[in-house]
Amino acid sequence: MSLSLIIKREFNAKVRNKSFIVMTFLSPLLFTAMALLVGYLASVNGDEVVKIAVHDQAGTLIKDFKNDKETHYTDLSALSLALAKEKAAEGYEGLIYVPAVTDAKDLLHKVEYISNESPSMEFIGNIEDVVNDKLTRFNLEKAGIDYKKIDEAKTYADIRLSKFSGEESLRWLNEIKIGIGFAFGYLIMMFIIIYGNMVMRSVIEEKTNRIIEIIISSVKPFQLMMGKIIGTSMAGLLQFLIWAILGGILLFVAGNVFGLQVGATSAASPEATQAATTGLQAYLPEIFNLPWGTMLLSFLIFFTGGFFLYSSIYASIGAAVDSETDSQQFLLPIILPLMLGVYVGFFTVINDPHGTVATVFSMIPLTSPIVMMMRLPFGVPLWEVALSMAILFATFFGVVWFASKIYRIGILMYGKKPTYKEIFKWLRY
Amino acid sequence: MKPILEVKNVVKQYGDYTALNSVSLSVPQGSIYGLLGPNGAGKTSLIRIINQITMPDSGEILLDGEKLAPHHVSQIGYMPEERGLYKTMKVGEQALYLAQLKGLSKKEAKEQLDYWFEKLEIKGWWNKKIQELSKGMAQKIQFVVTVLHRPKLLILDEPFSGFDPVNANLIKDEILELRDKGTTVIFSTHRMESVEDMCDHIALIHKSNKLIEGELQDVKRRYRTNTFEVGIAPENFQHLLADISTRYTTRQASFKTLDDELKLEVELPKGTPSRELLRYLTDKGDVTYFMEKIPSVNDIFIQTVSQQK
């Protein structure tokens, strides 16, 4: 009875807040706008042509620098080196200087690249490739081998991927899977931080408003704490739901617009579109075939479990301090495991979704909601998911016991900021 | 009168610090009971135990003869010393919420709220947020949410601190009216004027121990010193002053009268009847003032507390 009243109040307080409304409806728009902006900027960056001057009086390499979309080479060999440098400094990104050499091997370490800005590793790699290629061919010719034959003899393997069940898998599918898993894991982390902070702020608010003692003369502190956590998590879930619906609509609209565009271009070059659609068509069923049911259900359970676990810690921190500024010192131990979950999860899961590290981190309750969500698209045995959930909720019940003790004492303590040692002492009261 | 609240040998410790050392109290039904004591005496600890905010380490508490249990929260109204309300919540919504937490149905809560809003003439505030109200207005709301669920026992911790004189008076009248309707009121304070004014029973707690408890008149009787304040216009001023100080212990007194007579505090030996002094005085001149000096709660408080040091 009281619990439902508290849940209702907390839920209303969160949902009626202006920042909730703004965040719920504005952030998907902002997110889309940002994605479009990033895409646009990347394409602008890619369109730029880099102009490079080449000074190669002996003509050893000049033919090997071939213009492409991104780089444009200009031969300045007619000028003297000093003049070429001057000219390159004004109108070009940089100057490749190929000295005249008697022994071709000297080219290996005598080619210079002169520029004001340090070049990218990729660019230098390209120049080195040109030199290496030239010398390799030169060496082969010297040894009397026809390099064209070697080129012809070269092969390019394309391994086909499939599962034991017989269905064919696709390249890049793993990347798509980790992308989806990462999105889920990241969402859980963000929500724990944002909504956990809300729980903490709401506890601090009751303390600073001095209403806390009135409330706990009517209900048990534990009820108040749980009501807060449940009410806030419901506000979070509502936000998810709205986002899911908005996202669905957005996807539908975008899909329609995109579909029209594809139709328009198909008139211009039917082959290209066909290639693109076959690629897309190949991936779509795979994406649809992901264990979405399990993933969404697990997401709800892991979100709730993870949120309950973390927010009970957030609540006890809120109770221990008098103001939000005092809370920073205690927040670090919360943020760390969350970050660890995201990064360890990302790097280990993509390597080997069922490796030891990934599996262990998907069992440790502080990281499991994030890491398990990343593993799920790769197919995790049901018992592992169930075990991870069981550990998560068992830990929650343990932690909430400690948290409620700290909470119970902390909410009636005003004045100085407690130390870890004092908080530990409260556990024994 | 049968007690509504009995506190029996309650002990509360925080780590090594003893906040309450086997304290027992008995609060009679329908009384206004003053719980007195200096800061840090243990009053708030005791009140929090009665409100079931904390649990005693040992001892028990009976409300209306029943051992204190969670359902009793609906029978107690509590206004803590550290008090406030949700600043961003609307007055009406907030009061309904707090009343429902105390076990009232929404309908009952609304009826009670209408009654009090009418009574205190604050009807227009329903949709205002607390942060939009002045401090005095918020204090009225604070009182209303304390009594909204018609508690049998009202516990007020430093009720007048932070209240302006107008509101303090208003609240005082409401408390007396509630008492007349049968509510028992415990109020905890270290301000003695309000105790003298309102309380019929008192208990004094000092350094975790209860030192005094009883009906206010009884306590005062226990602390009377057979001292009388005397005003006299004597025939021979110097002679009387010299003579009376050989017979009794006297001090300069400071009460107000119309004329410039001799004003003395005269302490009689225990058992000496006052008429003996009066007879002596009437022989010496015109007696203009004669009154037993009744110890104030403040005197008793200071005397007891300083004896303990």
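Is A:I249 buried, partly exposed or exposed? A:I249 is partly exposed, at a relative accessible area of 47% (buried means under 20%, exposed over 50%, and partly exposed in between, with a 1.4 Å probe and protein chains only). These legends describe a predicted model, in which local features need pLDDT of at least 70, side-chain atom pairs count only at pLDDT 80 or more, and totals for chains, interfaces and linings use all residues. Residues are numbered from 1 along each chain as its sequence is written, chains are lettered from A and ligands numbered from 1 in the order written, and side-chain values use heavy atoms, without hydrogens and water.

**View 1. A nonpolar surface patch includes A:I249.** Here A:I249 sits in helix α9 (residues 221–268) of chain A; helices are DSSP runs of H or I with at least four residues, strands are E runs of at least two, and both are numbered from the N terminus. Patch members have over 30% relative accessible area and no salt bridge, with nonpolar side chains joined within 5 Å and like charges within 9 Å; a salt bridge is a Lys or Arg side-chain nitrogen within 4 Å of an Asp or Glu carboxyl oxygen.

**View 2. B:I141 belongs to the largest nonpolar core.** In this core of 158 residues, B:L5 and B:I141 touch the most other members. Helix α7 (residues 173–208) of chain A gives the largest share, 14 residues. A core joins buried Ala, Val, Leu, Ile, Met, Phe, Trp, Tyr and Cys residues through side-chain atoms within 4.5 Å. Beyond its neighbours within four places in sequence, B:I141 is in contact (heavy atoms within 4.5 Å) with residues including B:L85, B:F117 and B:W125.

**View 3. Helix α1 of chain B is largely enclosed.** Because 7 of the 8 residues in this helix (residues 43–50) are buried, the rest of the structure largely encloses it. Among the buried ones are B:K43, B:R48 and B:I50. Just after the helix, look for B:Q52, with a positive phi of about 60°.

**View 4. The loop between β9 and β10 of chain B holds B:K207 and B:S208.** B:S208 counts as buried, at 7% relative accessibility.

Technical notes:
Areas by Shrake-Rupley, 256 points an atom, 1.4 Å probe, with all protein chains shown as cover.
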